[in-house]
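Colleague: Hi! I'm new to this one, could you walk me through it?
Modeller: Happy to, here it is.

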Amino acid sequence: MDTQDRAEAVRPDGEKAGGKNGTRGLLPLVTTSMGLSMFVLYAVGALGPTLLADLGISRSQLGSLTAVAFGTASLLSLVSGHLADVVGGRRALLALLLTVALAFAVLALGDGYGWLLAGLVLAGVAQAFANPATNRLIAAHLPPERRAAAIGVKQSGVQLGAFAAGALVPSLAGATSWRVTLALVVPVALATAVPALLLPRERPAAPGPSGRILPKPPGAAARWLILYSLGIGTGLAALNTYLPLYAHEELGMGERVSGTLIAAIGVAGILARVMWTRMSGRLSDIGVPLIVLAAAAAAFLALVPAATALPPLVWPAAIGLGGSAVAANAVSMVAVVRSPAFGATGHASALVSMGFFGGFVLGPLGFGLLADTSAGYTGGWALAGAAFLVSVASGCRVRRAVAR
């Protein structure tokens, strides 16, 4: 355990991390918060056909919606991790949840594409604080032996959000409207902020002696893990944004059935994140699961374009990608919490998230641009596969850097 984590293991009142008073509901809270912070991605993906028809936007414009959110998150990740270290995980989590509520209020009430973009900028602000805030709370309130498993459960909240989006959003939008559906997230976010407010206050980290926003440049291990996360994020965001539209337009699936593919990714991702993070917490070499998961993602992605010849292949592809690419991001969070090679918990979490969110910008934008050209969906899936292969190579370099 590094110096920061040793400091975080004792609460201000002297109780050691893992105490039951006030933190019994910590894991459900951070799990729900993770799901809310990323829900916009899956909701926009599930609503893709509806948004194209209602707003008259192109496929590349659909990609720009999520790109705006994650571009904002990526840029703010340069400072959000350090801010979470300074103000503490509790305050950072409250800021996250209130921003989620505001973002979805703007999305639901705004009139036109410009208002959608504004709401997604706010969603990006919330996303920038998600991993730093939740990882800091886990490091502050749970003992080291419970942290890897807790991160797996916490990260599975993102996939619970994916499942909810795929299973509920198309049906709710069909019964009401897409605006009403998005508005329902607002009271959920506000209700989640109540237990966050009741969390015990942990001791914030002191700012660095220089007072810089960035305490120090990332080391070699962190740099390679950022690139690894960039590749995973690029492929995964392209998948989440365009798989339902691809299944609808190319495979002839109905809107509700194609939206269920996102739910399949979500269920597989929940199980995989819990399993792989528990396993990673016991392994001495964190680079091994990173490499295996990225390679598996590249292999399963190849089934997606093959589904044009045999449409049922899209289902094992979705399940396999949920069990590999989705789990890879969770394992990268285990790495930054457990190893001092990556730096302070909040700051390292944010920098790695910056790479992941950067991929969520490149993936939808790149895929959308290719899909609107003669390359079509084949070119988009090739881009996603190449991104996963970049992660395979980066995972090998992470392994070497940590070993040093």
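Colleague: Which helix gives the largest share of the lining of the second largest pocket?
Modeller: That's α7, with seven residues. Bear in mind that this is a predicted model, where local features need pLDDT of at least 70, side-chain atom pairs count only at pLDDT 80 or more, and totals for chains, interfaces and linings use all residues. Residues are numbered from 1 along each chain as its sequence is written, and side-chain values use heavy atoms, leaving out hydrogens and water.

Colleague: Thanks! Which helices each supply at least two residues of that lining?
Modeller: α2 (26-46), α7 (144-175) and α9 (185-197).

Colleague: And which residues lie nearest the pocket's centre?
Modeller: Of the 16 lining residues, those are Leu36, Phe39, Gly161, Ala164 and Val188.

Colleague: How does the lining divide into nonpolar, polar and charged?
Modeller: Ten are nonpolar, six are polar and none is charged. Here Ala, Val, Leu, Ile, Met, Phe, Trp, Tyr, Cys and Pro count as nonpolar, Asp, Glu, Lys and Arg as charged, and the others, Gly among them, as polar.

Colleague: Back to α7: at what angle does it cross α11?
Modeller: Roughly 175 degrees, and the axes of α7 and α11 (residues 255-282) come within 8 Å. The two helices are therefore roughly antiparallel, a term for angles over 145 degrees. Their contact has 15 nonpolar, 13 polar and three charged residues.

Colleague: New topic: how many residues of α5 are buried?
Modeller: 15 of its 21, so α5 is mostly covered; buried means under 20% relative accessible area with a 1.4 Å probe, protein chains only.

Conventions
1 Å grid on protein atoms, 1.4 Å probe; cavity = no way out; pocket = protein on both sides within 12 Å on 5 of 7 lines; lining within 4 Å. Helix = DSSP H or I, 4+ residues; strand = E, 2+ residues; numbered from the N terminus. Axes fitted to C-alpha atoms, helices over the stretch in contact; angles between N-to-C directions. Parallel < 35°, antiparallel > 145°, perpendicular 65-115°, else oblique. Buried < 20%, exposed > 50% of the residue type's maximum accessible area, 1.4 Å probe, protein only.
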